[in-house]
Amino acid sequence: MRYYSTKHESPEVSLQEAVVKGLAPDNGLYMPERFDKLPESYFDGISNMSFQELSYQVALRLFGEDIPEAELRQIVYDTLQFPTPVVEVEKDIYALELFHGPTLAFKDVGARFMARMLRHFISGEGTVNVLVATSGDTGSAVANGFLGVDGINVYVLYPKGKVSRIQESQFTTLGHNITAIEVDGVFDDCQALVKQAFLDKQLNEHMRLTSANSINVARLLPQAFYYFNAYEQLKQKLEAEGKQLVFCTPSGNFGNITAGLIAKRMGLPVKRFIAANNANDVFYQYLQTGEYHPMASKQTLANAMDVGNPSNFVRILDLYNNSWERIKAEISGATYSDDMIRTTMRECYKTNGYTLDPHGACGFQALKEQLKDNEIGVFLETAHPAKFKEKVDAIIGCDTAIPDRLAAFMKGKKESVPMRNDFNEFKNFLLNR
C-alpha cells in the first residue's frame with residue numbers, strides 16, 4: 001500500500017516511511033491510496049468474533065500488504081488487551097466506553113498499536129524520537145504506550161495549566177524514555193512546535209523524528225477498530241428493530257471521527273455521523289457556511305477538545321474530494337458552551353444514573369437533540385470521568401471513585417521541563433539531548 005500527502009506535493013511513500021516520518025515533507029498528512037471494503041461475509045459473521053479478531057480482519061485490509069500476517073495479528077492482539085463496551089444510557093442512546101485501557105482514555109488503542117508497529121519497523125535501526133502535542137489524553141496514552149520501548153524516546157508537549165492534574169500526572173511521573181515539556185501557551189502552540197520540528201532540516205539531520213498524534217497514520221487508522229466493535233455489540237438490536245446506526249464523536253483534533261469515516265468507507269453500515277464540539281466550533285461553523293476559518297483555541301471544561309485548527313480537517317476534505325456538500329450530507333455538527341455541558345452532566349446523572357465526562361457530555365447531548373425515530377445512536381465516551389474528578393464532582397455533586405490505575409499515577413513525582421512558546425528554544429533543547 002502506498003501513502004500520499006494530502007497536499008499532493010511530495011512523493012508517495014511506503015507504510016514504514018509514513019509511520020516513521022509521521023508528517024509528509026510538504027507538511028501534508030499521509031493517507032493510504034485506497035480503503036478496501038470488507039466482504040458481506042465479515043459482517044454476517046461478526047457476532048462470532050472477539051474484539052481482537054474482528055479488528056485483525058480490519059487491520060489486514062489496512063496493513064496486510066506491508067506487515068506479515070502473524071506479526072500483524074500479534075500487534076493487534078497485544079494492543080487490544082481491554083474491552084470497549086457499549087452501555088445503554090437511555091432509550092436508543094448508548095455510550096461506547098473507550099476508557100477501559102491502561103490510561104483510561106480512547107487514545108490507548110491508537111497509541112498502543114502505534115508503539116508496536118513502530119517497534120516492528122525500527123527494530124535494530126537506531127533511535128527514533130517521538131514528538132507528541134497533547135491537550136489532555138494523548139500525552140498519557142502515548143507515554144504509557146511507549147514507556148520502556150527500546151530505541152524510542154518520547155517528548156510530550158503540553159500547555160501549562162490547561163490539562164487536569166490527573167491527566168498531567170499520567171505523563172510527568174514516568175521518567176525513563178519519557179520527557180514532559182510544559183509549554184507556556186495553548187495546545188495549538190504545542191502542535192505548531194511539533195509540526196515546525198518536522199520541517200526543520202537541521203533537526204531532521206541530527207535525529208530521527210516522528211509524531212504520535214493522530215497526524216500519524218499508525219495512531220489514526222487503528223481507531224477504526226472500536227467503531228466496528230460497537231456495531232458488533234448492537235447488530236442484533238439494529239436488525240431486530242429495523243433501525244440505522246448513528247455515531248456521535250466528541251471532536252477536537254478530529255482524528256477520532258476521521259477513523260469512523262474510514263470505517264464507513266470500509267463497509268461499516270453507519271447512516272451518518274455527528275461531530276460534537278465545545279466552544280471551539282471551527283468545524284461546526286464550516287458545516288454552516290462552507291468556509292473554514294481556524295481560530296485561536298479557547299480554554300473550556302472539555303479541555304481535550306480545545307483545538308482551534310484541527311489537523312485532521314484536511315483528511316476529511318481529502319475523503320470527500322473537498323466537497324462541502326458531500327461532507328455536510330454525511331456529518332452534522334453541534335457546539336456546546338461550558339454551561340450547557342454542566343447542565344447535560346447534571347441531568348444525565350440525575351435521570352439515568354450515568355456519569356458523563358465533559359467530552360462525552362457533548363456527544364450525549366448532540367444525540368438527544370439530533371437522533372431520529374428510526375436510529376440508534378452511539379456517542380463515544382472518550383475518557384473516564386475520574387480523570388476530571390474535581391470538575392465532575394463539583395458539577396454532579398457526587399464523589400467520583402478514582403480507579404486504582406489513576407491513583408497510582410497521582411502518587412508519582414512530577415518531572416517536567418518548563419519552556420516558552422519559542423521554536424528556537426525547543427529546537428536547541430532537542431539538539432542538546
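The following dialogue explains the terms used for this predicted model and the values behind them.

Visitor: What conventions apply to the numbering and the atoms?
Guide: Residues are numbered from 1 along each chain as its sequence is written, and side-chain values use heavy atoms, with hydrogens and water left out. Because the model is predicted, local features need pLDDT of at least 70 and side-chain atom pairs count only at pLDDT 80 or more, while totals for chains, interfaces and linings use all residues.

Visitor: What makes a residue a contact of T258?
Guide: Contact means heavy atoms within 4.5 Å. Not counting residues up to four places away in sequence, T258 touches L220, N312, R315, I316 and L319.

Visitor: How do you know whether T179 is buried or exposed?
Guide: The relative accessible area of T179 is 11%, so T179 is buried. T179 lies in strand β7 (residues 178-184). Leaving aside neighbours within four places in sequence, T179 is in contact with V154, Y155, V156, V417, F429 and R433.

Visitor: Which value of phi does F254 take, and why is F254 called buried or exposed?
Guide: Phi of F254 is near 70°, a positive value in a residue other than glycine. F254 has a relative accessible area of 4%, so F254 is buried. The residue is found in the loop between β9 (244-250) and α12.

Visitor: How do you know where the buried residues of α18 lie?
Guide: In helix α18 (residues 389-396), K389, V392, D393, I395 and I396 are buried. Seen down the axis of α18, these buried residues fall within an arc of 165°, so they line one face of the helix. The arc is that of the directions from the helix axis to the C-beta atoms. On the other side of α18, E390 and A394 are exposed. The cover over the buried residues of α18 includes α7 (165-172), α16 (338-352) and α17 (358-370). Just after α18, G397 takes a positive phi of about 70°.

Visitor: What makes a set of residues a nonpolar core?
Guide: The term is used for buried Ala, Val, Leu, Ile, Met, Phe, Trp, Tyr and Cys residues joined through side-chain atoms within 4.5 Å. The largest nonpolar core has 101 residues, of which Y3, F63, L118, F146, F228, F247 and F283 touch the most other members. Helix α5 (residues 107-122) gives the most to this core, with nine residues. Apart from it lies another core of 34 residues, among them I93, A276, C348 and L367.

Visitor: What makes a space a cavity or a pocket?
Guide: On a 1 Å grid over the protein atoms alone, a cavity is a set of points where a 1.4 Å probe fits but cannot get out. A pocket is an open set with protein on both sides within 12 Å along at least five of seven lines, and lining residues have an atom within 4 Å of a point. Grid points are joined across faces, edges and corners, and a volume is the space filled by probe spheres set on the points.

Visitor: How many cavities of 30 Å³ or more are found?
Guide: A search of the whole structure finds one. The largest cavity holds about 260 Å³ of space and is lined by 24 residues, of which F106, K107, G252, N253 and A304 lie nearest its centre.

Visitor: Which residues lie closest to the centre of the largest pocket?
Guide: The largest pocket holds about 300 Å³ of space. Of its 19 lining residues, T6, K7, L29, S311 and V314 are the closest to its centre. Helix α14 (residues 313-319) supplies the largest share of this lining, four residues.

Methods: Helix = DSSP H or I, 4+ residues; strand = E, 2+ residues; numbered from the N terminus. Buried < 20%, exposed > 50% of the residue type's maximum accessible area, 1.4 Å probe, protein only.
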